[in-house]
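Reader: Can you walk me through this one? I'm new to reading structures.

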Amino acid sequence: MKRYARLRESGRIVDVRHGDDWALIYTRPRPPLVCPVDGCSQGLSPVELTNTTGTRFLRVKDGSQDCGHLAGRGDGGGPMTDEHLWLQMMLLKICEDLGIDATMETDYTDIRVDSSPPYALEVQKHNTDFAARIDQRKQRGMETLWLFPESAKLSTDDPVFRFPALRVRYQDEDGNELKSPWTSSCPSPSVVKFGATIWVRGRGGFELVPAGNYSARRFLKELFEGRRVWQPKKKLLGLSDGGRVWSGWVLKEDLEAVETRRKARAIEQAAAAERQRQEREQKAQLEAAHTAALTENAARDLLHGARSDETDRGAEANYGADVSIDDGSSAGAQSDEPHGTNPSSHSSTEHPETAPADPAAPQKLRLWDRLKAFFRG
Ligand SMILES: [Zn+2]
């Protein structure tokens with residue numbers, strides 16, 4: 001049963017199930033309608049079966065042979081399903097709305113869009129050799145966009161994320177999910193949404209996040225304007241390693257903004273790390289200086305303490321020497337001594353026979369042990 005036609009005068013595509021479209025074509029005199037397939041001149045007439053369920057459809061003009069296009073030939077074995085047909089018409093309408101030339105069933109594609117670069121929109125419900133078919137279209141100067149309805153039976157290796165692709169979902173105007181908007185029991189109008197692989201800037205704009213269901217019209221506008229591009233996960237998430245092959249759609253400006261922020265953040269983090277390193281270094285230097293100062297003070301105190309002891313002993317010893325200066329016997333010996341380096345030697349010169357050992361030696365040993373203990377500690 002044919003449902004779609006093109007108004008011959010304006011080129012507008014109409015769907016008999018759409019109220020506004022029906023009002024446009026079911027008037028007197030009837031505006032000329034043709035098959036919407038590019039290059040087909042099959043004339044069509046609107047029919048309404050008012051006596052049954054109110055079914056509306058298009059039939060070929062009296063006396064002409066059916067071109068066989070867009071009749072919704074059922075599922076299985078490759079023939080176009082009602083869903084496939086309906087979705088093609090919806091996409092065609094969107095392109096028309098956007099003011100971009102698009103044709104159905106031409107150049108071996110579902111829909112060829114004359115954007116720059118031209119795109120082949122492929123509604124795909126089964127697995128195929130995606131890479132080979134992308135290549136075939138590339139040779140004809142077209143990029144390929146794969147559209148997988150939720151009903152599509154695909155392999156488990158996720159072609160949705162491996163080739164430039166989208167999931168297709170249907171909603172009513174209030175955003176409620178529609179299961180099969182191509183059936184006559186489903187209320188019209190319906191809205192086509194794309195999802196699964198679309199990324200947008202998240203809260204704060206720092207990172208990219210999955211967009212959820214996204215207006216098909218908006219997506220196609222961005223795509224045909226060359227603003228929305230297919231990028232690997234590595235780029236989307238700012239990873240140094242991409243991991244498995246896995247990609248998504250992102251607006252160039254969103255990616256640039258996020259990458260600029262990532263770079264700025266990386267510089268900030270590096271600067272913060274450098275600041276911390278410098279602070280740690282300064283702290284370590286201060287601690288070292290502090291420790292050195294303490295050590296020096298402690299050592300000075302210890303030495304001072306020891307010297308005081310020694311000086312006391314020296315003074316005691318020198319007392320005898322002073323007394324004996326008058327007789328001049330030890331004056332020459334005293335002047336030969338390196339003064340101050342070994343004050344205890346004064347006593348040895350004074351009483352060489354009675355005190356051959358250094359009387360300050362036990363005191364010196366104790367000082368040395370204390371210093372050693374201090375530096376070890
Ligand atoms: Zn036709």
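Author: What follows is a short chat about this chain, topic by topic.

Author: This is a predicted model: local features need pLDDT of at least 70, side-chain atom pairs count only at pLDDT 80 or more, and totals for chains, interfaces and linings use all residues. Residues are numbered from 1 along each chain as its sequence is written, and side-chain values use heavy atoms, with hydrogens and water left out.

Reader: OK. How many helices and strands are in the chain?

Author: The chain has ten helices and 16 strands. Those are DSSP runs, numbered from the N terminus: helices are H or I with at least four residues, strands are E with at least two.

Reader: And what share of the residues counts as buried?

Author: Of the 377 residues, 39% count as buried. Buried means under 20% relative accessible area, exposed means over 50%, and partly exposed is in between (1.4 Å probe, protein chains only).

Reader: What about the accessible surface of the chain?

Author: It comes to about 21,600 Å², and 51% of that belongs to carbon and sulfur atoms. The areas come from the Shrake-Rupley method with a 1.4 Å probe; for residues, only the protein chains shown count as cover.

Reader: What holds paired strands together?

Author: Strands of a sheet pair through backbone hydrogen bonds, either parallel or antiparallel.

Reader: Which residue is the bridge partner of valine 34?

Author: Glycine 43, in strand 4. Strand 3 (residues 33-34) and strand 4 (residues 43-49) are antiparallel, over two bridges.

Reader: How many bridges join strand 7 and strand 8?

Author: Three, in the antiparallel sense, between strand 7 (residues 109-113) and strand 8 (residues 119-123). Valine 113 stands opposite tyrosine 119 there.

Reader: Back to helix 3. Is arginine 137 buried or exposed?

Author: Arginine 137 counts as buried because its relative accessibility is 4%. It lies in helix 3 (residues 130-139).

Reader: Which side chain does arginine 137 join in a polar contact?

Author: Glutamate 122, at 3.0 Å. A polar contact is a pair of N or O atoms within 3.5 Å; within protein, one must be able to donate a hydrogen and the other to accept it, and residues adjacent in sequence count only if both atoms are side-chain atoms. Not counting residues up to four places away in sequence, arginine 137 touches Tyr108, Thr109, Ala120, Glu122, Met142 and Thr144.

Reader: New topic. How many disulfides does a search find?

Author: Zero, across the whole structure. A disulfide is a pair of cysteine sulfur atoms within 2.5 Å. Cysteine 35 is buried at 3% relative accessible area, and cysteine 40 is buried at 16%.

Reader: Which residue caps helix 5?

Author: Serine 215 caps the N-terminal end: a side-chain oxygen lies 3.3 Å from the backbone nitrogen of arginine 217. After helix 5 comes glycine 226, whose phi is positive, near 80°. Buried residues of helix 5 (residues 216-224) include Phe219, Leu220 and Glu222.

Reader: Last one. Why is strand 16 called largely enclosed?

Author: Because five of the five residues of strand 16 (residues 247-251) are buried. Ser247, Trp249 and Leu251 are on one side, with Gly248 and Val250 on the other. Strand 15 (residues 228-232) runs antiparallel to strand 16, joined by five bridges.

Note on methods
Contact means heavy atoms within 4.5 Å. Two strands pair if DSSP finds at least two bridges between them.
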